[in-house]
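User: I have a chain here that I'd like to talk through with you. Could we look at a strand and then at a helix residue?

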Amino acid sequence: MVALSSNGYFSPDDYLEFEGRSDVKHEYINGQIYAMAGSTKAHNIISLNLALALRSRLMGNNCQVFMADIRVMLLNQRRYYYPDVVVACEDNDDTNSSIVQYPRVIVEVLSESTESFDRGKKFQDYRTLSGLQAYILVNTQQYLVECFQRTPQNFWLLKSYEGLEAIADIEALNLAIPLAEIYATLDLPALTDEIALKTDLT
């Protein structure tokens, strides 16, 4: 989710020039730039764990794993977003660029301030990327990973993985990652604990 917006219209070139000298990361939506909110330790740990897990499994093929400062361009430069983790497998993505145009998998690590945007408008925009095969949302409050997979019929199928014993299947990359690895070094409440608490209160 964006935190602060600028006033006035910025062209895509204006945005890229501005972003190149800014100490704060901004996303770009239809001529407006938006400063990104800072992340938490949990958010950072999960992003790093995922990036390392993906990189170790993708070594030796043509896929590259990026995080933090790499943007995704979409809708003919009308949007620039910073995913938490992105995997690109197309040879025509320039590795010297800070922009990914052809992502295969995008991961967003959720927070209270970003969740509605990541699930809603941002996912709607990401779906315009014809090469995107999976959109993954990782919860920072519970051990929960949601994988949206594009089907051959261009539908999006959701598979949810709950609990540290679960293994997230990322079909778009033909690999699987245990949630225990994604959430390594974090101590979060279990979903069953939350459900039990709600039952007790009712």
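**A strand and a helix residue**

Analyst: In the hairpin of β5 and β6, four residues lie between the strands, and leucine 75 takes a positive phi near 55°. This is a predicted model, in which local features need pLDDT of at least 70, side-chain atom pairs count only at pLDDT 80 or more, and totals for chains, interfaces and linings use all residues. Residues are numbered from 1 along each chain as its sequence is written, and side-chain values use heavy atoms, with hydrogens and water left out.

User: Which strands does β5 pair with, and in what sense?

Analyst: Strand β5 (residues 71–74) runs antiparallel to β6 (residues 79–81), joined by three bridges, and pairs in the parallel sense with β8 (residues 99–100) over two bridges. Strands are DSSP runs of E with at least two residues, helices are runs of H or I with at least four, both numbered from the N terminus, and two strands pair if DSSP finds at least two bridges between them.

User: What stands opposite valine 72?

Analyst: Valine 72 stands opposite tyrosine 81 in β6 and opposite valine 100 in β8.

User: Switching to phenylalanine 123, is it buried or exposed?

Analyst: Phenylalanine 123, in helix α4 (residues 121–126), is buried, with a relative accessible area of 6%; buried means under 20%, exposed over 50% and partly exposed in between, with a 1.4 Å probe and protein chains only.

User: What is phenylalanine 123 in contact with, leaving aside neighbours within four places in sequence?

Analyst: Phenylalanine 123 is then in contact (heavy atoms within 4.5 Å) with Phe117, Asp118, Tyr135, Phe148 and Trp156.
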